[in-house]
Amino acid sequence: MPPSCCASLSQYTHHHLVVFLLTFFSYVLLHASRKTFSNVKVSISAQWTPFILNDSSPDFSPGETWQDNRLFEDEKQATLFLGILDSIFLFSYAVGLYLSGMIGDRVNLRYVLCFGLCGSAAVEFVFGTLTEWLHIYNIYLYSSLWVLNGLLQSAVWPCVVAVMGNWFGKAGRGFVFGLWSACASVGNILGAFLASSVLKYGYEYAFLVTSVVQFAGGVVVFFGLLTSPKESETGLSPIETDTDSHKPLMSDEEDEVEVEKYSRRGQSVEQPVEPPAESPQAIGFLKAFCLPGVLPYSLAYACLKLVNYSFFFWLPFYLSNNYKWKEAQADRLSVWYDVGGIIGGTFQGLISDFMGKRAPVLVVSLMLAIGALVGYSRSPNDQVINGVLLAITGLFIGGPSNIISSAISADLGRQDALRGSKEALATVTGIVDGTGSIGAAAGQVKMKKKSNWRIKQNEFGSMRACFIVFITPLLVRELRAMWTERRARQRQL
């Protein structure tokens, strides 16, 4: 069993707390602005269609301007284009993740992170606010801006995970990263409340508020973030100097390591850790892709992120159209899915720390998600019941998604094969999240019409099955390692 969370937390300083909060809130602000687009889809669809074909149009703009503003003949065409924009964003985001991960391992993480935050904020301001103020409606402009937005936003996640990996070691990583990975869900909640609070003035003000806050956050991060303990004037040493900090929770030699650990109990000898003679070199893309565990977890995450992002992009739209609830009400109700994800990621990370294994926790959670999705698909027209079912669904789907994208990515980026090349965490994180985004983008191609939502329940089931198939080899290896560890412990009694 790994060290207790209390013991691991005792070694952290206020520098660790500052890093935790800055990276946490930088991604909170990014996801808040990203969530804005899904929260205002009904308003955008109404603005892009003639008012005689859209009952909600008089609430958003004067009737006489509708024929000039419309981009599409009817709401179905507008919804189709909104789905295309989702796919455009995710595909460009996926490509950007593969590139930004490698850049993050070669350039100062703070520069890359702040460039992504501030650049994305500027693009979203132009997309949602400036075009509406200037009455510029052009599908090619929207598409180009959303491609650029996806590329810029992709620079953030690999960098914040790499910074966290530099400051927080293996001990308690599941709990720390599980709690920290709630940043995406908190950002969704913040984005939903910000958008719903100003939506009555027009969707352009929702984009204005979130983009300005995000830009300000990027400036704060630029001047306040230390990307590693080496940058601290107090001379803090990295947590990764622990003897087993580079050993991931999945390893080809795990059985032998566990047996050796128990056979040497009481005989450990501390040896001084000598600093490397020179700075470690960044790992190559293909080498990172071939690291143990990277490919199966990447493919599994592609299946899981497809389901997770279907809720992310379309849940408010589905609630508003299926139950005829007001858009602001649907935005607020959708946050319960993220609340479940926060709770799930934190507790599942804690459980995986105590077990010393990640895969069994993920598989059990996805098995329980089957019942959660079936239950939610039969939710009545009651906001309380719907919110409870959403929280349960987020617990078993959003939780595992948070663990893979954060704690497991850090595990994969700190393997034995990387002892001579620590600069691989951003690259590995980019590969895992990039592959996941490709899966999510493929899912959005079919998720363009609200009538498809219930049909997607079958596809969600297929994706869960594929997730389990991809992760089964790792599950078998970890269960075998747990059995070997148990036998070795019994021999010591």
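Author: Let's begin with a side chain. A polar atom in the side chain of Thr 49 sits 2.9 Å from the backbone oxygen of Ser 45, and the Thr 49 side chain also reaches the backbone oxygen of Ala 46, at 3.4 Å. A polar contact here is a pair of N or O atoms within 3.5 Å; within protein, one must be able to donate a hydrogen and the other to accept it, and residues adjacent in sequence count only if both atoms are side-chain atoms. Thr 49 belongs to the loop between α3 (41–47) and α4 (66–69); helices are DSSP runs (H or I, at least four residues), numbered from the N terminus. With a relative accessible area of 1%, Thr 49 is buried, where buried means under 20% relative accessible area, exposed over 50% and partly exposed in between (1.4 Å probe, protein chains only).

A word on the model: it is predicted, so local features need pLDDT of at least 70 and side-chain atom pairs count only at pLDDT 80 or more, while totals for chains, interfaces and linings use all residues. Residues are numbered from 1 along each chain as its sequence is written, and side-chain values use heavy atoms, leaving out hydrogens and water.

Now to the nonpolar cores, each a set of buried Ala, Val, Leu, Ile, Met, Phe, Trp, Tyr and Cys residues joined through side-chain atoms within 4.5 Å. The largest has 70 residues, and Trp 48 and Trp 180 touch the most other members. Helix α8 (residues 156–167) gives the largest share of this core, nine residues. Because domain 1 (13–50 + 69–228) and domain 2 (281–492) both give residues to this core, it lies between them; the domain bounds come from an automatic or database domain assignment. Another core, of 46 residues, lies apart from it, and Leu 373, Leu 389, Ile 397 and Val 432 are among its members.

Finally, the largest cavity: on a 1 Å grid over the protein atoms alone, a cavity is a set of points where a 1.4 Å probe fits but cannot get out, and lining residues have an atom within 4 Å of a point. The lining of the largest cavity counts 27 residues, with His 31, Ala 184, Asn 308, Tyr 309 and Asn 402 nearest its centre. Helix α14 supplies the largest share of that lining, seven residues. Since domain 1 and domain 2 both give residues to the lining, the largest cavity lies between them.

Notes:
On a 1 Å grid over the protein atoms alone, a cavity is a set of points where a 1.4 Å probe fits but cannot get out, and a pocket is an open set with protein on both sides within 12 Å along at least five of seven lines; lining residues have an atom within 4 Å of a point. Helices (H or I, at least four residues) and strands (E, at least two) are DSSP runs, numbered from the N terminus.
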